Amino acid sequence: MLDLTWLLIAVPLASAFVLILAGKRADAWGHWMGVAASATAFVVGFGAFLQMLGLDAESREHAVHLFTWISGGELTVDAGLLVDPLSISFVLLVTFVGTLIHIYSVAYMEHDPRRRIFFAYLNLFVASMLLLVLADSYLLLFVGWEGVGLASYLLIGFWNHKPEYATAANKAFIVNRIGDIGLIIAMGLLFANFGTLSFDEIFAEVGSVDTAQLTAIGLALLVAATGKSAQFPLQSWLGDAMAGPTPVSALIHAATMVTAGVYLIVRSGDIFALTETARVVVAAVGAITLIMGAIIGMAKDDIKKALAASTMSQIGYMMLAAGLGPIGYAFAIFHLVTHGFFKAGMFLGAGSVMHAMNDSVDMRRYGALRTAMVVTWVTFGLGWLAILGVPPFSGFWSKDKIIEAAFVGEGWQPWVFGLAALIGAGLTAFYMSRLFFMTFHGKARWTDDAHPHESPWLMTGPMIVLSVGSALLGWFLASGDRFTTWLEPVTGHAEEHDPVLAVPVIMTLTLLLVAVGVVVAWLKYGRADVPEEAPAPSLGVLVASNDFYQDSFNRAVLQRPGTHLTRTLVYADAAVVDGAVNGTGVGLLKLGEFLRKFQSGQVRRYSALILIAVAALIAGVVLGVL
Amino acid sequence: MSPIAFVYLATVLFGIGAAAVLTRRNAIIAFMGVELMLNAANLALVAFSRIHGEIDGQVMAFFVMVVAAAEVVVGLAIIIAVFRARQSISLDEPAELKG
């Protein structure tokens, strides 16, 4: 099975092409074919996983050579897959959650005339994402990286007949391009220093390269990661990306694609291991984003945007963990996996709620949905408990470890990062409980035409499976350090360090803050009445609900000057470059016009000219001028 | 008589020829002007030959005469062709080559 891993990419990709090319005749069965392609990928991935489990820890890294990609003189670039515990973990997450979301989409997109195309894009995404995580070089990873970007763009703008949705797709695409430039620069630096882009060869030689170069590479990789993973300062696209259909938000913008940045950092762990500076910057970016996302999440009334802010914040946790070095890599991936389950589950729950409420996303018009939608309520509730970090649900096992790891270290770092992670947990508890209570508890504030009902089993089924994962996966993977041991061949063995605070103290503080967050949210949004119209916002709420005015900032500081710069350049191009070219032409034309006057066709005038010219020449010679 | 006088004469003849070419519309007259200019040049060549005591100028004059004879043949043929086409030998009328 390990050698068949190319099927993981080939099957969904082929399915995507068939779905697009087959046209309307595939409308009847196309969506099931999409599901089958994703499920096949899962079966292959699971087979590879089982085979890998049978191997020793040392021999679990398996390289699959596909073909020689570029061959030119001394440069040969091979396309190959790297199957190791890290990539297989991603494969299982992507294909399993992906397949569930495919099934969910069959029902969710039932009334959409372009459902077949939707599944083609979903399959394209799965193929690209698997290529991203399985690639054995930065170059091949980049192909997958761009592929998921394309799929994300196509799916955010899936309902592009609405101009603002098309704009959101453009925004996501453009912000991601900025990150991609980071990755391109990183690849350029890597190639300049190592002469290759393959993971194996780079990580083998990494010790022989100057630290300053490694820091530059690390920071460029971080730029790439911030773009893809919606981290500060490139996070502005994620909120708008919620314009896409909800299954897309669940799969791409919560569970898988946005975690690609974390994958990139962890995969490049050998580089970051040698550059303290880049690591601290990664952790700082994570800490800033986790607090920022949580604060934004507290002020959103749009259920999907609140969840998007939460995704940002949770990926901030993963980034923070990844920035801590080997001690955090395994926890970053661990949290990534559990987050993939509970956040995808909650997004599907949100989709189910929207389905029932005429696609309204305004939580102020929800309320008391627990009686109308029991399955959604319970599954969402499990996800809610998981993200809060309530023991024994998934999030407790992964997030608590990150908070503990953040407190490890010397100097100011453990205090800053640890406290950020700790406060983040409290904020998370507040905004997620606010979301949960506003949606499912309190009084019904439905619009008159809303008749909430439970979704069909095709939708609730995946939600139930994901909620089981949200509840149990963390415990299963954490018991006996299963997951960290499994990842050890890739992430390296982490030395045990004691946090600056005792572990029980940290745990108690975390749970205490979580409890406070939940209670405050209950008092304000569960027990008390929630106004149907948002009250006049205080300054803090105003700032948070506008994403810290980052869009305005970007517009004023980046877009406007950029526009002016472009206009200046366009003007300069027209005036100087085009001016020189056109000027030459116009000058020659004028010269021709002038010379034309002498071509009168009058023989006598010609002879006069000849005479004058000869006389002038002779005069010149005689006078010594010529 | 100093040979330099012939140079002055040649200059005068050249001037008369050039004036005829430039001022007369009749192609035949202009053509005669050209001939006059050629012969002025011949005279100058012979005069210089005498002044310098070398034979080169006189040889050159013979060449010029041969060329002039050939030119007369071609030139008159052109004038006749133009006359047949336009019923006129005015130099100012044909302006097809105007740019």
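Start with the crossing of two helices in chain A: select α15(A) and α20(A), and you will find that α15(A) passes α20(A) in a left-handed crossing (the near helix is turned anticlockwise from the far one by less than a right angle). Helices here are DSSP runs of H or I with at least four residues, numbered from the N terminus. This is a predicted model, where local features need pLDDT of at least 70, side-chain atom pairs count only at pLDDT 80 or more, and totals for chains, interfaces and linings use all residues. Residues are numbered from 1 along each chain as its sequence is written, and chains are lettered from A in the order in which they are written.

To find the pair, pick residues 326–356 for α15 and 457–478 for α20 in chain A; their axes lie 9 Å apart at an angle of about 155° (axes are lines fitted to C-alpha atoms over the stretch in contact, with angles from 0 to 180 degrees between N-to-C directions). That angle makes α15(A) roughly antiparallel to α20(A), a label for angles over 145 degrees.

Now show side chains. Among the residues that meet are A:Phe334, A:Phe341 and A:Leu348 from α15(A), with A:Met459, A:Leu466 and A:Leu473 from α20(A); contact means C-beta atoms, placed from the backbone, within 7 Å.

Next, bring in chain B. The contact takes 10 residues from chain A and 10 residues from chain B. On the chain A side, helix α25 (residues 603–623) gives the most, with five residues.

Finally, colour chain A by domain: domain 1 spans 1–274 and domain 2 spans 555–623, with bounds from an automatic or database domain assignment. Their centres, taken over C-alpha atoms, are 56 Å apart.

Conventions. Contact = placed C-beta atoms within 7 Å. Parallel < 35°, antiparallel > 145°, perpendicular 65-115°, else oblique.
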